Amino acid sequence: MTTLGRQPIRYLLPRYSLVALMDVCKAWENAISKAKIANFRFHDLRHSAARYMVMQGKSLKQIPDLLGHKTLPMVKRYSYLSVHHITGLAEGVIRKMFRL
């Protein structure tokens, strides 16, 4: 539990009272609608978070601690990288190996 000023915060997304859980569904729907984004679910952010962690150098052993995955195959499923990122990694290795 953390504090905001003097009041303890019991939830990650608290209501203004800081002690009751806030429902983010309506806010999410409004944000998606205003941004004109189609076919994007709140759960998709979990995939994005895993991918960004991998791109920042976090290991596949650290990610389950943050996202709550229990198996390595599930971590891999959530943390797959784009072809563009993988190509960039390969190019970096080639540059190092051949001092380009």
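Two aromatic rings of Phe, Tyr or Trp (for Trp, the six-membered ring) are a pair if their centres lie within 6.5 Å; planes under 30 degrees apart count as stacked, over 60 as edge-to-face and the rest as tilted. A search of the whole structure finds 2 aromatic pairs. Helices here are DSSP runs (H or I, at least four residues), numbered from the N terminus. W28, F40 and F42 form one aromatic cluster.

The structure is a predicted model, in which local features need pLDDT of at least 70 and side-chain atom pairs count only at pLDDT 80 or more, while totals for chains, interfaces and linings use all residues. Residues are numbered from 1 along each chain as its sequence is written, and side-chain values use heavy atoms, with hydrogens and water left out.

**The loop between α1 and α2**

This loop holds K36 and also N39. Most residues other than glycine have a negative phi.

| Residue | Phi | Relative accessibility |
|---|---|---|
| K36 | near 55 degrees | 77%, exposed |
| N39 | near 55 degrees | 79%, exposed |

Buried means under 20% relative accessible area, exposed over 50% and partly exposed in between (1.4 Å probe, protein chains only). F42 counts as partly exposed because its relative accessibility is 45%.

**The core**

The largest nonpolar core has 6 residues in all: A50, M53, I63, L67, V75 and Y78. Helices α2, α3 (63-67) and α4 (72-78) each supply at least two residues of this core. Such a core is a set of buried Ala, Val, Leu, Ile, Met, Phe, Trp, Tyr and Cys residues joined through side-chain atoms within 4.5 Å. Leaving aside residues up to four places away in sequence, A50 touches I63, L67, Y78 and S79, where contact means heavy atoms within 4.5 Å.

**The surface patch**

V93, I94, M97, F98 and L100 make a nonpolar surface patch of about 570 Å². One of these residues, I94, is found in helix α5 (residues 83-98). I94 counts as partly exposed because its relative accessibility is 41%. Patch residues have over 30% relative accessible area and no salt bridge, and nonpolar side chains are joined within 5 Å. A salt bridge is a side-chain nitrogen of Lys or Arg within 4 Å of a carboxyl oxygen of Asp or Glu. Accessible areas come from the Shrake-Rupley method with a 1.4 Å probe.

Methods: Patch = residues over 30% accessible without salt bridge, like charges linked within 9 Å, V, L, I, M, F, W, Y side chains within 5 Å.
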